[in-house]
Amino acid sequence: MTVNRRHIAIIAPPTAGHINPLVALGTSLVEAGRRVTIVHLADVASLVPNGGVGFAALDHPADCKGLLAAYYRKLAQPSGPVGLTRMIRGTASMTELLLEALPAALSKLGVDAVLADSVEPAGALVARHLRLPFVTAVTGLPLLREPMVPPPFLGWEYRPTAAGLRRNNGGYAVSDLLMRPIAKVVSSYARRWKLDPDPRHQWSDRLHVAQCPAGLDFPRTALPPSFRYGAPWRLDEPYVDLPEDDGRPLIFCSLGSLQGARRSLFAAMTAACAAVGARAVVAHGGGLSEAEVTSLPGRPLVRAFWSQTRILPKCSAAILHGGFNTVLDALAAGVPIVAVPLAFEQPATAARLKRIGAARIVSPGEADKGGLEAALRLVLSDPSYRHAANLLAAEMAGAGGAAEAAALVDSALFDDVDAMPARLSPLDGEPACAA
């Protein structure tokens, strides 16, 4: 095996919001001469486009057809005590399956290094088990804990005071309690493999490379030297040819790939656009039926998916759920936002948008009661919102995107080590470096 063909495995949550940017990052690594493979459930292959980045299934008895769809159903209803508990337990089961299957899969593939998404702890732990170098890829908000930074799944404002510190400590305590099923699985495998289970080992000492621009995050004082903010990791998208132009300004409306079945919220979005004299451009991710699409008010332009990096520069504003990739694409286009955060990290992303002045925040309940119209009028009429978005656009334009991130990853993984593919010993199951 030559140095130029060293093999990097990408380990990430099995959702488009994580896979898509990592495919873009992986594509840049392939263009630099590396071999890159996403390793996950067999059904995840549908998320990986044909191209330079490869895909390998886990080849495990538990990886059965329909497992991914069942997991998505849990993610689509993450609210309330029942939904939240079900989602966390489902995520713990997914991590456990990866921990069980990845060592054999990566050894069979002859992997030299791991690119581990920060949200999926299995990537880092398996890399440590196989003695492989790894870097941490931060596709969403940075998860590194700091006392003055609120937990990354809560929509709390940044409050650098004693009261804010007490509030954050309480939030982290509750978060740790809720996430105990995942932590228990990870700790169990760490001890089985005779590794230190301390959560700090989830993060790479070599490199944390993030899509998030520094200007979007809350102020931080304790980032490790290996941390690098950045810009969106994107593949080139096809040109968007709008079917018709009726002269109204365009407003991009999206709830992401997991929440696209919320017809009533899309109706509130398109009605608000019509009320301010604009036209909605709706991306529902396949969640709406043809009858539901036809029933949306305001004569919106509707598709399951739009090329976001192509359509957003044509828009005057965006109404979004706060999904991280769509937020970054809107900001990169200098587009102000009305955020309707629903779940996951979306409230925390919305809080950061509010702090920098690029968005108005509307709760789902307020949106259903007509609250979107006033917020949309404000972001369209007050130039400060677009100015704030343009500041982030300028920062991201100079950050290099996937190509710059890939150069950092390549250097961190291979500049100072003679990496060799790991394998499992057939005698004792212990990881060993192949000669």
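Predicted model: local features only at pLDDT ≥ 70, side-chain atom pairs only at ≥ 80, totals over all residues.
Let's start with Thr139, which sits in the loop between strand S5 (134–138) and helix H5 (162–178). Its relative accessibility is 2%, so Thr139 counts as buried, the cut-off being under 20%.

The side chain of Thr139 makes a polar contact of 2.9 Å with the side chain of Asp117. Setting aside neighbours within four places in sequence, the residues in contact with Thr139 are His18, Pro21, Leu22, Asp117, Gln211, Trp233 and Phe324.

## A patch on the surface

Helix H5 also holds Leu178. At 38% relative accessibility, this leucine counts as partly exposed. Together, Val174, Leu178 and Met179 make a nonpolar surface patch of about 230 Å².

Next comes strand S8 (residues 250–254), where five of five residues are buried. In a regular strand, side chains alternate between the two faces of the sheet. Here, Leu250, Phe252 and Ser254 point one way, while Ile251 and Cys253 point the other way, and all are buried.

Strand S8 pairs with strand S9 (residues 279–283) in the parallel sense, over five bridges; in this pairing Leu250 stands opposite Arg279. Strand S8 also runs parallel to strand S11 (residues 317–320), joined by four bridges, and there Ile251 stands opposite Ala317.

## Salt bridges, buried and exposed

Across the whole structure, a search finds 14 salt bridges. One of them joins the side chains of Asp410 and Arg34, at 2.4 Å from N to O. This pair links distant parts of the chain, 376 residues apart: Asp410 lies in helix H15 (residues 401–414), and Arg34 in the loop between helix H1 (16–31) and strand S2 (35–40). Both Asp410 and Arg34 are buried.

Is the pair Lys108 and Asp59 buried or exposed? Lys108 is exposed, with a relative accessible area of 70%, and Asp59 is exposed too, at 64%. Their side chains meet in a salt bridge of 4.0 Å, N to O. This pair also links distant parts of the chain, with Lys108 in helix H3 (residues 80–109) and Asp59 in the loop between strand S3 (54–57) and helix H2 (67–75), 49 residues apart.

## A neighbouring pair and a network

Asp198 and Arg200 form a salt bridge through their side chains, at 2.5 Å from N to O. Asp198 is partly exposed at 29% relative accessible area, whereas Arg200 is exposed at 52%. Elsewhere, salt bridges with shared partners join Glu146, Asp217, Arg220 and Arg352 into one network.

Notes. Residues numbered from 1 in each chain as written. Heavy atoms only, no water. Helix = DSSP H or I, 4+ residues; strand = E, 2+ residues; numbered from the N terminus. Buried < 20%, exposed > 50% of the residue type's maximum accessible area, 1.4 Å probe, protein only. Polar contact = N/O pair within 3.5 Å; in protein donor to acceptor, adjacent residues only side chain to side chain. Contact = heavy atoms within 4.5 Å. Patch = residues over 30% accessible without salt bridge, like charges linked within 9 Å, V, L, I, M, F, W, Y side chains within 5 Å. Areas by Shrake-Rupley, 256 points an atom, 1.4 Å probe, with all protein chains shown as cover. Pairing = 2+ DSSP bridges.
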